[in-house]
Amino acid sequence: MPLSSQVSVAILGATGAVGTELLELLQTRNFPIADIKFLASSRSAGRIVSFRGEKKPVEVVGENSFDGVDLVLASAGGTISKEWAAKAVAKGAVVIDNSSAFRLNPQVPLVIPEVNPGAAATHQGIIANPNCTTILMAMAVWPLHQLQPVQRIVVATYQSASGAGMRAMEEVKAQARAILQGEEPPTESFPYPLAFNLFPHNSPLNDQGYCEEEMKMVNETRKIFNTPQLRVSATCVRVPVLRAHSEAINLEFAKPMPVQQAKEALANTPGVRIVEDWKANYFPMPIDASGSDEVLVGRIRQDLSHPCGLELWLSGDQIRKGAALNAVQIAELLVAKNWLQPAKAMVSY
Ligand code: A2P
């Protein structure tokens, strides 16, 4: 790139849940855009998208889609990223990829701007946006990890339908309507009805009994924190909430972590908001987190069962900080630091 501060952008997966939010954020945050194109599958070809008052058709992604593009924001799933990211990089673009395709690739930085912004400088054409539950957890744990290293994290998630995409969100609404009318609920995106139900995350299980989503929380947190030995155990659960995830997090430190100190650190962390009204029993809820850029954290308390343990609870918008917002923040970081440069050497992805 670049050479002006105006960026030529392509959104791959522009019609999806995250893609739609990317579009919104690029507009509201005044990202410096010279030109933008919207890429998706043939299902959406020709659909009209409005951007800053201009109407543009969605294009089917193809070999020439990345000509002259500086920045690709990809959110069309791992298979599509594997197919197109390297081609975009070969054309001189930098790809911020929202899928899991490259997250653990040692050549690819995995970035949360509030946590490890410097990692973005080392990119070789692709930067990975972490998994949504991992981002939300890291936002709350990193400031405490700075006070004293966390030794062990045990987390249970309450994940909304949005993590499975727009069709999944629509399916939960359709399921609720069907169930209330005494009809059989449709189950295409999910293996079981999610409305009026919940189930352990249905990603593939490993030999130890952990699903892929849980292992993302383990491996991605280790990579982002640059602590390969960090002990993390996760139980991920899908709940009938439309778009914000919640998490119950238990942290173990080497020495006690005073609650007041933890609260002060979190209160001073950009992107985190403490939500606690102990008298009213009012704490973070998905309904309040939806549409918010901040991760809401509360119920910060000493773990009764361990002198060096701390408990907390959070809710965060899965589509925003868990996905689109983090990606746009990475893009802003690249522009601000002049790191939006094509890969210097060809890397095989
Ligand atoms: P489309 O609307 O054409 O299917 P979500 O995560 O909400 O399900 O969104 C997935 C996004 O990825 C959508 O924009 C979808 O476009 C896009 N997508 C899915 N399959 C392809 C494909 N084969 N090529 C390009 N984009 C795709």
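For the class counts below, I take Ala, Val, Leu, Ile, Met, Phe, Trp, Tyr, Cys and Pro as nonpolar, Asp, Glu, Lys and Arg as charged, and the others, Gly among them, as polar.

**Entry 1: the pocket lining**
I'm working from a predicted model here. Sorted by those classes, the lining of the largest pocket has 23 polar, 15 nonpolar and 9 charged residues. In total 47 residues line this pocket, and Ser75, Ala76, Gly77, Ala164 and Gly165 lie nearest its centre. I noted a volume of about 1300 Å³ for the largest pocket.

**Entry 2: where the lining comes from**
Next I looked up the elements. Helices H1 (17-28), H2 (78-90), H4 (166-180), H5 (212-225) and H8 (320-337) each give two or more residues to the lining of the largest pocket. The largest share is from H2, with 5 residues. I also checked the domains: domain 1 (7-101 + 324-336) and domain 2 (133-318) each supply at least three lining residues.

**Entry 3: Ser162**
Then I turned to Ser162, which sits in the loop between strand S9 (150-159) and H4. Buried or exposed? I put Ser162 down as buried, because its relative accessibility is 3% and the cut-off for buried is under 20%.

Which side chains does the Ser162 side chain pair with? I found a polar contact of 2.6 Å to the side chain of Gln318, plus one of 2.9 Å to the side chain of Ser160. Leaving out residues up to four places away in sequence, I listed Met169, Leu242, Arg243, Gln318 and Ile319 as touching Ser162.

Definitions and conventions. Residues numbered from 1 in each chain as written. Predicted model: local features only at pLDDT ≥ 70, side-chain atom pairs only at ≥ 80, totals over all residues. Heavy atoms only, no water. 1 Å grid on protein atoms, 1.4 Å probe; cavity = no way out; pocket = protein on both sides within 12 Å on 5 of 7 lines; lining within 4 Å. Points joined across faces, edges and corners; volume = space filled by probe spheres on them. Helix = DSSP H or I, 4+ residues; strand = E, 2+ residues; numbered from the N terminus. Domains from an automatic or database assignment. Buried < 20%, exposed > 50% of the residue type's maximum accessible area, 1.4 Å probe, protein only. Polar contact = N/O pair within 3.5 Å; in protein donor to acceptor, adjacent residues only side chain to side chain. Contact = heavy atoms within 4.5 Å.
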